[in-house]
Amino acid sequence: MIHEKVRRVARGGAIPVVLGGDHSITFPSAAAVARVQDPRTIGIVHFDAHADAGADQWGSLIGHGEPMRRLIEEGWVAGANFVQVGLRGYWPDKDTFAWMREQGFRWHTQVELEERGLDAVVDDAIAEALDGPDLIYLSIDIDVVDPGMAPGTGTPESGGMLARELLRAIRRIVGGVELAGMDIVEVSPPYDHAEVTSMLALRCVMEAISALARKKG
C-alpha cells in the first residue's frame, strides 16, 4: 500500500515526503520513487544512528532494522550510492558491517562529523550518492539527533547530532541536488516530552520545502 501511494504521488510529478512510522517504510517508499524515476537512477543519503541493514529481525525480512538491505537486494539502489551519516552506538554488528562493505556501502560516523565538520561530511555524502545516479532520496531517522534534543524515538543513542546540525544538513542537501523523495521516521509520540521531537520532525519538513522553494524562486 505504501509503495503504490508513493508511486502515484511521484508519477504525478510531486516530490513525495513520507512521515513515519518506523524505518521499515523506507523500503516501499524509496523503491516506489526509484521505479517512477527509471531509467534515471537514485542515490540515497541516510541519516541514522544505526545502519538498518540487518539480514532479518527475529526471522522477519521486513522490519525497521532491515529496509536498507532489502533496497539493495532488490536492486532499487546500488550499494556504492547508499551513503549513511551519523552512525554510532551498539549496532550494526561485525557481520552486518561485512555485508555492507561487500555491497560498497559508504558511511560517515558521528565521530567523523565531529572531527571533520558537518559541511565537509555532507558534501562528501552528496558526491558519493550522486557518483553515477541522477537524483537523491533522503531518509532521516530522527534518532540521528541526540536524544537530549529528540527523546521521542524507540532506539535512542547518546552522543548524536544537534538539531540545528540536522536542519543545516537538510538545507545543504535539498538546496543543492535534485531531490527524488524524502522520509522522516522513528518519531514516537508516547516517548516525546513536550512534543519536542515532533516539532523537530516538522521543522525538517519545512526546511526541505523552503530549500525547494528557494531553488525555484
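Analyst: A residue counts as buried under 20% relative accessible area, as exposed over 50%, and as partly exposed in between. In this structure, which is a predicted model, Ile15 has a relative accessible area of 33% and is therefore partly exposed. Ile15 is found in the loop between α1 (2-11) and β1 (17-19), and together with Val17 and Leu19 it forms a nonpolar patch on the surface, with about 240 Å² of accessible area in total.

User: How many residues of strand β3 are buried, and with which strands does β3 pair?

Analyst: In a regular strand the side chains alternate between the two faces of the sheet. Here, 6 of the 6 residues of strand β3 (residues 82-87) are buried, so the strand is largely enclosed by the rest of the structure. Strand β2 (residues 42-47) pairs with β3 in the parallel sense over 4 bridges, and His46 stands opposite Gln84 in β3. Strand β4 (residues 106-109) also pairs with β3 in the parallel sense over 4 bridges, with His108 in β4 as the bridge partner of Val85.

User: How many aromatic pairs does the structure hold, and what is the geometry of the pair formed by Phe97 and Trp107?

Analyst: A pair of aromatic rings is described by the distance of the centres and the angle of the planes. The structure holds 3 aromatic pairs. The pair of Phe97 and Trp107 is tilted, at 5.0 Å centre to centre and with 40° between the planes. Because Phe97 lies in helix α4 and Trp107 in strand β4, this pair ties together parts that are 10 residues apart in sequence. Elsewhere, Phe82, Trp99 and Phe105 form one aromatic cluster.

User: Which residues meet Asp119 in salt bridges?

Analyst: Side chains of opposite charge can pair when their charged atoms come close. A search of the whole structure finds 12 salt bridges, and in one of them the side chains of Asp119 and Arg168 meet at 2.8 Å, N to O. Asp119 lies in helix α6 (residues 118-129) and Arg168 in helix α7 (residues 163-174), so this pair ties together parts that are 49 residues apart in sequence. Arg172 also forms a salt bridge with Asp119, the closest N and O atoms being 3.6 Å apart.

User: Is Glu207, the partner of Arg171, buried or exposed?

Analyst: Glu207 counts as buried, at 9% relative accessibility, whereas Arg171 is partly exposed, with a relative accessible area of 31%. In their salt bridge the closest N and O atoms are 3.3 Å apart.

Technical notes:
Residues are numbered from 1 along each chain as its sequence is written. This is a predicted model: local features need pLDDT of at least 70, side-chain atom pairs count only at pLDDT 80 or more; totals for chains, interfaces and linings use all residues. Side-chain values use heavy atoms; hydrogens and water are left out. Patches are made of residues with over 30% relative accessible area and no salt bridge: like charges are joined within 9 Å, nonpolar side chains (Val, Leu, Ile, Met, Phe, Trp, Tyr) within 5 Å. Accessible areas come from the Shrake-Rupley method with a 1.4 Å probe; for residues, only the protein chains shown count as cover. A salt bridge is a side-chain nitrogen of Lys or Arg within 4 Å of a carboxyl oxygen of Asp or Glu. Helices (H or I, at least four residues) and strands (E, at least two) are DSSP runs, numbered from the N terminus. Buried means under 20% relative accessible area, exposed over 50%, partly exposed in between (1.4 Å probe, protein chains only). Two strands pair if DSSP finds at least two bridges between them. Rings of Phe, Tyr and Trp (its six-membered ring) pair if their centres lie within 6.5 Å; planes under 30 degrees apart count as stacked, over 60 as edge-to-face and the rest as tilted.
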